[in-house]
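Dear colleague,

I am passing on the structure below, together with some notes on what turned up when I went through it. Please read the notes with the model open beside them.

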Amino acid sequence: MSALYPWIMWFFTALFFAFQFIIRVFPGLCVPEIMHKFQINATEFGLLSSMYYYGYAGMQIPTALLLDRFGPRFIISLCCFVCSASIFLFYWAENWYLVLFARFLIGAGSAAGFLGTFKIISLWFPFSTYTRMFGLTNTVGLLGAVYGGRPVSHFITVYGWENVLLIIGTAGLMLAGLILIVIKPYKLSSFQQSTFFFKDLKSLFSMPVLLFIAFGNLLMVGPLEGFADVWGVSYLMEVYLFEKEVASFITSSIFTGMIVGGPILAYFSEKFKASYQITTLCGVLMAALFAIMLLSNESLNYLALSLMMFMVGILCCYQVLIFTMGVSAVPLEMRNLAIAFLNSINMLGGVFFHMIIGAVMDIYWTGTISQGQRVYNATAYEYAIWTIPIAAFMGGIVFLFIKFPLKKAFLGTIFLLQKR
């Protein structure tokens, strides 16, 4: 095998990672259209959006095991096929429960985008290049999120959201075939016995520090998974009266910020050995930026909001530190499982925020109906979005609490109570 071929395999799996980002943010670009087609309210739309995260989070650990058992070639291509084929199911489905199931399958198939690309790196790249390759992979994935914003929004405006959805699904099926052709089979080592796996999983849940890290992370994902992924575009259109393409660009600035934010936060973390304190600062600053936006009385202009969201994106890269904190809290043989667990809880944050934002919007719905569909005013959006800075602030405090000098005594007490 030539030295170039591992890069070719990495490239196509990284394309799948970027592809799943486009599908992930797509519903946020056409909230009114989807709500109108299926005649649903904000709570039900929140449920629909959250089904992606149920599928993604639920398949993190199983996908990691399947990649170890059957190798990346078959599993990544199968997951890409499932993700893409489910887009057509979503398009054709008339039954509401079938629509929810289709969105769940899209999320479940997307789970291999993150894990599969890293599996390729671990099999065909030297250990000394891991950090560089992880950074490149993250950049490619976030480019998918950036271009899944304003450009896709423009295509939706010109061609209609359903036609764009079909184009995306077709492209995904083609990508699944290319992945199956390009990735070479790999002779795997002996598969870990399930008894050891469940023993490690049980040990994972007996580590209070890891659970606190996961909980704090869940509270802080609102700016990314609640705002940038789904609700941000419709909020900016209703409250700030921006056109869809402009609102899409502003929210995608979060992903642009994340492209440059990872190395910045990693540098400061390594320099000052202060991962917990930096994560706390990220939570507090994200809360402050969202509070400024919500309290501005719609006086912020396009450039100011774009800059603020770019800064939020940089702060969202605290997630790079989350995995560092997580793997340092577990034994060497449990690190892969710990990463899958933390990424699973991270994605469950999307479920939490989509559901709570939709529920709050329905609480403050004024009763306005247009063409048989609920219409939500600026007040409903503003009250709902307030859940993001409140939760981010609380999440930041969690990490400060973990670093508190008495943490060992407190967490030790919790551990003893769990053992009783």
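Helix H1 makes the greatest contribution to the lining of the largest cavity, giving three residues, in what is, please bear in mind, a predicted model. H3 and H6, like H1, each supply at least two residues of that lining, which is made up of Ile 23, Phe 26, Pro 27, Ile 34, Leu 48, Ser 49, Phe 90, Arg 103, Ile 106 and Leu 165. Eight of these lining residues are nonpolar, one is polar and one is charged, and the space they surround comes to about 90 Å³. The structure holds three cavities of 30 Å³ or more.

The second largest cavity has about 70 Å³ of space, and among the 14 residues that line it, Val 25, Leu 29, Ala 228, Val 233 and Thr 251 are the closest to its centre. Here the largest share of the lining, five residues, comes from H12, while H1, H12 and H13 each supply at least two; by class, the lining residues are eight nonpolar, five polar and one charged.

H12 returns in the second largest pocket, where helix H12 (222-239), helix H2 (31-38) and strand S2 (373-374) each give at least two lining residues. This pocket has a volume of about 320 Å³ and a lining of 16 residues, with Pro 32, Arg 374, Val 375, Tyr 376 and Tyr 381 nearest its centre; nine of the lining residues are nonpolar, five polar and two charged.

As for the packing, the largest nonpolar core has 138 residues, and those touching the most other members are Phe 16, Phe 227, Tyr 235, Phe 255 and Met 293. Helix H1 (residues 5-29) gives the most to this core, with 13 residues. Leaving out residues up to four places away in sequence, Phe 227 touches, among others, Tyr 235, Thr 251, Met 293, Met 309 and Ile 388.

Ser 253, in helix H13 (residues 244-272), counts as buried because its relative accessible area is 7%, under the 20% cut-off. Beyond its neighbours within four places in sequence, Ser 253 is in contact with Ser 306, Met 309 and Phe 310.

Finally, helix H5 (residues 72-92) spans 30 Å from its first C-alpha to its last over 21 residues, close to the 30 Å expected at 1.5 Å a residue. Its buried residues include Pro 72, Cys 79, Cys 80, Cys 83 and Phe 90, and the elements covering the buried residues of H5 include H1, H2, H3, H4, H6 and H9.

With best wishes

Notes
Residues are numbered from 1 along each chain as its sequence is written. This is a predicted model: local features need pLDDT of at least 70, side-chain atom pairs count only at pLDDT 80 or more; totals for chains, interfaces and linings use all residues. Side-chain values use heavy atoms; hydrogens and water are left out. On a 1 Å grid over the protein atoms alone, a cavity is a set of points where a 1.4 Å probe fits but cannot get out, and a pocket is an open set with protein on both sides within 12 Å along at least five of seven lines; lining residues have an atom within 4 Å of a point. Grid points are joined across faces, edges and corners, and a volume is the space filled by probe spheres set on the points. Helices (H or I, at least four residues) and strands (E, at least two) are DSSP runs, numbered from the N terminus. Ala, Val, Leu, Ile, Met, Phe, Trp, Tyr, Cys and Pro count as nonpolar, Asp, Glu, Lys and Arg as charged, and the others, Gly among them, as polar. Buried means under 20% relative accessible area, exposed over 50%, partly exposed in between (1.4 Å probe, protein chains only). Contact means heavy atoms within 4.5 Å. A nonpolar core is a set of buried Ala, Val, Leu, Ile, Met, Phe, Trp, Tyr and Cys residues joined through side-chain atoms within 4.5 Å. The expected span of a helix is 1.5 Å times one less than its number of residues.
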